[in-house]
Amino acid sequence: SADLAMYAAKAAGKGTVQVYREDLLRQAQERLRLENHLRHAARREELRLEYQPVVDARTGSVAGLEALVRWEHPSWGTVPPGRFIPVAEASGTILVIGEWVLRTACRQAVAFAHDHGVDVAMSVNVSVRQLQADGFVEVVADALATSGLAPSLLTLEVTESLFMAEDPAVGAVLGELGALGVHLSIDDFGTGHSALARLRVLPVSELKIDRSFVRTIGSDGDCGPLVTAILAMARALGLSVVAEGVETAEQLAALRDAGCDRLQGFHLARPMPAEDVARLLAGQPGG
Ligand code: C2E
Ligand code: CA
Ligand code: CA
Ligand code: CA
C-alpha cells in the first residue's frame with residue numbers, strides 16, 4: 001500500500017480529477033481487502049446459505065429452492081453476494097466458495113427431504129469460472145454421491161453469457177453435466193443475446209426470465225411482448241420457465257395467466273435460513 005500512497009500523491013492534481021483518482025484508489029484498496037478476507041471466509045465458517053422458494057404458478061406450492069450465499073463478516077456484518085461474488089470470480093476464490101455452496105446445498109436438500117418426506121429440488125448458482133475449472137464435473141458427481149441427492153433434483157443455474165460464448169470446452173462440460181442427469185438453467189435470461197440455435201443443442205431444461213422484464217409488468221395484466229415471446233419460444237422448445245423478481249400480485253397473475261411455470265420473488269417468499277424453510281415445508285400438503 002506504500003505504492004498506492006505514492007500513486008495517490010502523484011495523482012494529486014486539483015478539483016474533480018483528484019477526487020476521482022482518490023475514489024479509484026479507495027476502490028482498489030477496498031477490493032484488495034475484500035479479497036484477502038474472502039480467502040479465509042469459507043474456512044472460518046463465515047459463509048452461510050439462504051434458500052428462496054420457487055413456487056408452482058398453478059398450485060402455489062413450493063416447487064424447489066434456490067440456494068443464495070451470504071457472507072457474515074465478523075466486523076463488517078453481512079456482505080451481499082453482489083459485492084463479493086465478482087471479487088471471488090476475479091481472484092479465483094469462487095472455486096472454493098462455489099464448491100462449498102454446492103456441497104452444502106445438496107446436503108441441505110437431502111436433510112429437508114428426510115425431515116419432511118417430500119422431494120426437494122435445489123437450484124445452485126454456478127459461476128463461469130467453475131465450469132471452466134478442471135474437474136468440475138467430478139466435483140458435482142461427488143457432491144451428489146456423498147450427499148445422496150438424486151441428480152434429477154439438482155439444477156445448476158448458469159448465466160446467459162456463458163451459453164453465448166461458443167467455447168467448445170464449456171460445451172463439453174455442459175454435455176457431461178447433462179449426462180449426469182442434473183438440470184441446467186439459463187439464469188438472467190433475456191439480458192444477453194442467446195443464440196437461439198444453441199438452446200436446442202445444449203442439454204438445457206429451464207429458462208429464468210430476468211427480473212428486469214418482470215419489473216415492467218404493470219396492472220394491465222399484460223406481460224409485454226418480450227416475456228410473451230420468451231414464453232412462446234420456451235414452450236416450442238419444451239423448456240420450462242421460471243420468472244424471478246415477482247414483487248406484486250399483478251405480476252404474479254399476469255405471469256401465471258401467460259403460462260409461466262414457476263415464480264420466484266419477494267411477493268411469494270424472500271430468501272430465508274434453512275430453519276424457516278423447514279417450517280414452510282412442514283405446513284405444506286404432503287410435508
Ligand atoms: P440471481 O441468481 O439472479 O439471484 C436472485 C437475486 O434476486 C437474489 O439476490 C435474490 O435475493 C433477489 N430477489 C429474489 N426475489 C426478488 C424480488 O422479488 N425483488 C428483488 N428486487 N430481488 C429479488 P442475492 O441473494 O443478493 O444474490 C445476487 C446475485 O449473486 C445472484 O443473482 C447470483 O448471481 C449471485 N449469487 C448468489 N449466490 C451465489 C452463489 O452461491 N454462487 C454464485 N456463483 N453466485 C451467487
Ligand atoms: Ca440464480
Ligand atoms: Ca437470476
Ligand atoms: Ca438476476
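Good morning; what I am showing is a predicted model, and the protein has a mean pLDDT of 88, with 90% of its residues reaching 70 or more. For the complex, the predictor gives an ipTM of 0.97 and a pTM of 0.84.

Let me begin with the metal ions. The calcium ion that is ligand 2 is coordinated by Glu66 through OE, Asn125 through OD1, Glu157 through OE and Asp187 through OD, at 2.1 to 2.3 Å. Along the chain, the donors of this calcium ion (ligand 2) follow the spacing E-x58-N-x31-E-x29-D. Two of them link distant parts of the chain, since Glu66 sits in strand E2 (residues 62-73) and Asn125 in strand E4 (residues 122-125), 59 residues apart.

The calcium ion that is ligand 3 is coordinated by OD of Asp187, OD of Asp188 and two OE contributions from Glu244, at 2.1 to 2.7 Å. Its donors follow the spacing D-D-x55-E along the chain. Here again a pair links distant parts of the chain, with Asp188 in strand E6 (residues 183-189) and Glu244 in the loop between strand E8 (240-243) and helix H12 (249-257), 56 residues apart. Asp188 has a relative accessible area of 24%, which means that Asp188 is partly exposed, while Glu244 counts as buried at 10% relative accessibility.

Which residue bridges the calcium ion (ligand 2) and the calcium ion (ligand 3)? It is Asp187, and the two ions lie 3.7 Å apart.

I turn now to the nonpolar interior. In soluble globular proteins, nonpolar side chains tend to be buried together. In this model the largest nonpolar core has 78 residues, and the members that touch the most others are Leu154, Leu156, Leu177 and Leu255. Helix H4, which covers residues 94-116, gives the most to this core, namely eight residues. To take Leu255 as an example, and leaving aside residues up to four places away in sequence, Leu255 touches Val214, Ile217, Cys223, Val227, Ala243, Val246, Cys260 and Leu263.

Finally, let me come back to helix H4 and ask how it packs against another helix. Two packed helices are described by the angle between their axes and the distance between the axes. For H4 and helix H13 (residues 274-282), the angle is about 35 degrees, and the axes are 10 Å apart. The crossing in which H4 passes H13 is right-handed. Which residues meet there, on the H4 side and on the H13 side? From H4 come Gln108, Phe112 and His116, and these meet Ala274, Val277, Ala278, Leu281 and Ala282 in H13.

Terms used. Residues numbered from 1 in each chain as written. Chains lettered and ligands numbered in written order. Predicted model: local features only at pLDDT ≥ 70, side-chain atom pairs only at ≥ 80, totals over all residues. Heavy atoms only, no water. Donors = N, O, S within 2.8 Å, 3.2 Å for Na, K, Ca; no water. Helix = DSSP H or I, 4+ residues; strand = E, 2+ residues; numbered from the N terminus. Core = buried A, V, L, I, M, F, W, Y, C linked by side-chain atoms within 4.5 Å. Buried < 20%, exposed > 50% of the residue type's maximum accessible area, 1.4 Å probe, protein only. Contact = heavy atoms within 4.5 Å. pLDDT = per-residue confidence, 0-100. Axes fitted to C-alpha atoms, helices over the stretch in contact; angles between N-to-C directions. Left-handed = near helix turned anticlockwise from the far one by under 90°.
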